[in-house]
Each structure stands twice: as structure tokens, then as C-alpha cells.
Amino acid sequence: STGVIRQPALSPDGKTLVFVIDEPNKYMGGYRSKSGLYVVSSSGGTPRLIGARAIAPMYSADGKRIYFSREEGGNTTLSSVNLDGYEPRDHALATGADRYELRLSPDGRWLTFKEHQQYYLMPYVETGNVFDVSASSKSVPVAQLTETSGNSLAWSADSRLIYWNLGSDLYTAKANQSF
């Protein structure tokens with residue numbers, strides 16, 4: 001595929017890769033590409049478009065769904081689709097422009113998010129309902145991870161560590177010791 005490819009993630013079995021192709025722009029190019037969420041075999045081949053542009057796509061721990069965030073109207077939603085892009089589900093909602101960067105841990109047990117420039121961590125349980133994401137949540141415990149903000153939050157493959165940077169410094173927190 002042509003275009004600006006971002007945020008690749010490997011399936012748990014290593015057989016497929018999910019990624020995003022950005023909207024074309026005059027600085028990065030990609031004018032002949034179709035933006036959106038794509039899946040391709042890790043051994044190569046033609047990528048398949050399975051959805052609209054997404055943020056931070058990742059496979060579920062069992063490899064049966066693809067989770068991603070999307071931003072609309074100042075809100076951020078954690079959603080998922082099956083491997084063909086069907087059966088869409090919304091899982092969590094961060095209301096307001098100051099809540100965003102929803103990142104589910106690889107094992108699906110934790111959810112991180114940014115609110116007012118600080119990173120937070122909360123336990124995540126799939127209930128079938130849309131879960132409200134907020135630092136002031138009363139329904140689940142919420143731990144503040146940062147004191148002075150951060151960028152580029154990422155999870156370790158085993159879901160035990162959370163990483164982010166601020167300037168040239170790299171920070172780490174243990175998910176199960178944050179509460």
C-alpha cells in the first residue's frame with residue numbers, strides 16, 4: 001500500500017498486522033492512498049481495508065478482534081471490530097476534548113488515558129456496556145501515573161509495564177502496583 005503508514009501492531013499469533021494509513025497531506029504525501037484501518041498478512045500480500053481511519057489499533061488478547069480509538073466531536077471512543085471490519089462495538093467513552101489517548105493493555109485488563117495533560121490508569125472489564133473514562137470515576141479505582149504530563153504512552157507486551165516520555169526522559173510504571 002502507498003501512503004503514510006502508522007501504528008502497526010502484530011496479531012498474537014504473529015500471522016497478521018493491523019495498521020493505519022493517514023489522510024493524504026501536502027507535507028507527507030500519500031495522495032493516491034485511501035486512508036483507513038488495514039490488515040495484511042505478516043508474510044506480505046495485499047493489505048485489506050477494514051475500516052475508517054483509527055488511532056492506535058491493536059489486537060485483542062485472543063486475536064479475534066481489533067481495538068482502536070476514534071475521535072469525534074471532542075470525545076474519544078475505544079471501539080473494536082472483528083478481523084474483517086464487521087460487528088463494531090463501542091467499549092469506553094472519554095467525554096470532552098481534555099480526555100483522550102485511550103490505550104487498552106495487551107491483555108485487556110487495564111485502560112490508560114490522558115486527562116488534563118496527565119496519564120491515568122484504571123482496571124478494565126468487558127461488560128457489554130460503554131464504560132465512562134474519567135479521572136474522577138466513582139465506579140472503579142483510578143491511579144494517576146504522571147505528575148508533569150507525558151507523551152507517547154505504550155504498554156509492554158506482557159501488560160505489566162507502562163512507558164511514556166517527557167522530553168528526553170523515559171518513565172515507567174508497573175500496572176499492578178499503581179493502586
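Is Arg70 buried, partly exposed or exposed, and at what relative accessibility? Arg70 counts as partly exposed, at 22% relative accessibility, where buried means under 20% relative accessible area, exposed over 50%, and partly exposed in between (1.4 Å probe, protein chains only). The model is predicted, with local features needing pLDDT of at least 70 and side-chain atom pairs counting only at pLDDT 80 or more, while totals for chains, interfaces and linings use all residues. Residues are numbered from 1 along each chain as its sequence is written, and side-chain values use heavy atoms, with hydrogens and water left out.

A salt bridge was taken as a side-chain nitrogen of Lys or Arg within 4 Å of a carboxyl oxygen of Asp or Glu. The count by this rule is 8 salt bridges. One of them joins Asp90 to Arg70, with an N to O distance of 2.6 Å. This pair links distant parts of the chain, Asp90 being in strand 8 (residues 89-94) and Arg70 in strand 6 (residues 65-72), 20 residues apart. Strands (E, at least two residues) are DSSP runs, numbered from the N terminus. Asp90 is partly exposed, at 35% relative accessibility.

A salt bridge also forms between Glu115 and Arg99 (2.8 Å, N to O). Glu115 belongs to strand 10 (residues 110-115) and Arg99 to strand 9 (residues 99-104). Both residues are buried.

Asp22 pairs with Arg6 at 2.7 Å, N to O. Asp22 is buried, at 11% relative accessible area, whereas Arg6 is partly exposed at 36%. Through shared partners, salt bridges join Arg6, Asp22 and Arg53 into one network.

Notes:
Helix = DSSP H or I, 4+ residues; strand = E, 2+ residues; numbered from the N terminus.
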